[in-house]
Amino acid sequence: MSHDPTDPKSASTTHFGFQQVPVAEKQKRVAEVFSSVARRYDLMNDLMSMGVHRLWKRFVIDLAGVRPGERVLDVAGGTGDLTREFAKQVGPRGQVVLSDINAAMLGEGRRRLIDEGVVGLPVLQANAEKLPFADRSFDCVTIGFGLRNVTDKDAALRSMLRVLKPGGRLLVLEFSKPLNAGLSKIYDQYSFKLLPLMGRFVANDADSYRYLAESIRMHPDQGTLKGMMEAAGFERCQVYNLTGGIVAVHRGFRLTA
Amino acid sequence: MSARPAPALICAGLEVALNRYLQLEPAALDDCAALARHSVGLLVDGFDWSLFIEFDARGVRVIGERPQPASVTLAGAPPAFAGLAVKLASGDSSLPPGLRVDGDADVLQSFRRLLGRVGFDIEEWIAPLIGGAAAHRAAQGLKALLGWGRDSSRTLAQNTAEYLVEETRDLARGIDVEEWMDQVDRLRERSDRIEARLARLERQRTAEPRSE
């Protein structure tokens with residue numbers, strides 16, 4: 001894999017980690033990565049973040065403030081961590097939809113939800129760029145560690161805005177840019193040396209975890225993503241930096257009808 | 001407004017706390033919906049932070065900046081806001097001293113009523129987490145602890161006041177102050193009478209030559 005993120009992008013290519021690939025190919029290659037890591041995704045998440053990803057997700061759940069009776073869409077919901085908590089909060093009068101573009105991840109999520117007694121909620125294979133839902137059908141949309149893998153992020157943001165009811169909110173939980181230069185150096189060493197090593201020993205797949213590290217670096221930083229959300233039509237956009245900016249939660253509202 | 005936006009995590013903490021508090025009283029959400037076109041600004045002196053509380057039918061959202069000014073702004077030091085929080089949690093919707101209000105007082109009044117109507121029962125709040133019996137014991141323990149704290153503070157204040165009055169004589173006793181004020185009043189009355197008498201004598205003195 002090339003490690004030069006400064007390659008000029010042409011209109012027909014996009015980044016896949018540090019590589020430039022044809023736009024049509026990115027989706028396929030991302031699918032291969034997640035099909036490969038799906039079975040050990042949760043274990044690896046715990047190892048890679050030392051369990052802190054549970055706190056990041058808890059923050060999203062608290063900030064979402066989901067109430068009984070609401071409709072929630074968990075985009076790129078993967079193994080269903082957020083879905084499970086939202087299902088408790090919306091109660092029998094509400095509904096949570098788990099969606100992911102990757103069938104393997106979705107299957108893993110459905111299996112885990114059933115194991116934990118969460119049954120009867122819709123599970124749907126869908127592309128975040130073209131969500132197959134009616135306009136204004138959800139009170140809350142979340143996307144946790146998924147947006148950086150989407151080929152056309154602007155299209156995905158517009159699609160998520162479209163399915164939100166007026167007053168509804170989008171929460172994006174994603175890796176971002178550390179705020180401190182010292183932390184950034186340590187984080188780089190960790191991401192590019194330790195992470196692929198852990199991927200090789202635990203999931204027998206160093207390349208996929210190298211892609212995860214590279215895709216984090218290629219993802220827009222806090223200010224850029226906030227600007228993208230505003231350009232898509234979200235209002236009252238706010239950035240919440242967690243763990244020194246390693247992860248950020250972006251929240252925006254659809255205020256107009 | 002020259003204040004800078006409060007840190008996002010401070011806004012998030014306040015928002016989550018307020019929404020959890022409002023969840024205790026379902027009717028409070030109707031009040032939030034009624035306030036949907038309004039907002040309350042908070043200016044925290046010292047830190048120079050601004051926060052805005054916006055309302056909708058789902059509760060409140062707290063943000064550090066907004067394009068339009070708030071309907072009403074509350075400004076003060078952190079202890080004054082802490083005092084407000086304590087008063088509201090105890091069901092008292094009056095404003096503590098040290099807070100300045102600027103803007104539509106009706107919006108502020110509605111917001112205070114909204115928070116004041118939420119009954120806060122610690123026992124009900126923690127029962128789902130630790131069970132009914134344990135919650136009852138914990139709530140009783142907390143009440144006893146708070147009661148002990150209140151009594152201790154009151155006793156400390158009384159003892160300090162007594163020491164300053166009786167031992168060091170830095171403060172005057174209430175009865176002495178009243179007696180002193182009575183004496184001042186009597187002195188004022190006497191000086192008024194003397195002044196009136198002098199004025200009368202003066203008039204007599206100026207009137208005598210004309211009668212000759």
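Helices (H or I, at least four residues) and strands (E, at least two) are DSSP runs, numbered from the N terminus. This is a predicted model, in which local features need pLDDT of at least 70, side-chain atom pairs count only at pLDDT 80 or more, and totals for chains, interfaces and linings use all residues. Residues are numbered from 1 along each chain as its sequence is written, with chains lettered from A in the order in which they are written.

A cavity here is a set of points on a 1 Å grid over the protein atoms alone where a 1.4 Å probe fits but cannot get out, and lining residues have an atom within 4 Å of a point. Grid points are joined across faces, edges and corners, and a volume is the space filled by probe spheres set on the points.

The second largest cavity has a volume of about 150 Å³. Of its 15 lining residues, A:Arg169, A:Phe253, B:Asn19, B:Arg58 and B:Val60 are the closest to its centre. Its lining has seven charged, four polar and four nonpolar residues (Asp, Glu, Lys and Arg count as charged; Ala, Val, Leu, Ile, Met, Phe, Trp, Tyr, Cys and Pro as nonpolar; the others, Gly among them, as polar).

Now turn to the largest cavity, which holds about 400 Å³ of space. It is lined by 30 residues, and closest to its centre are A:Ala76, A:Asp100, A:Phe145, A:Gly146 and A:Asn149. α1(A) gives the most to this lining, with four residues.

Key
Side-chain values use heavy atoms; hydrogens and water are left out. On a 1 Å grid over the protein atoms alone, a cavity is a set of points where a 1.4 Å probe fits but cannot get out, and a pocket is an open set with protein on both sides within 12 Å along at least five of seven lines; lining residues have an atom within 4 Å of a point.
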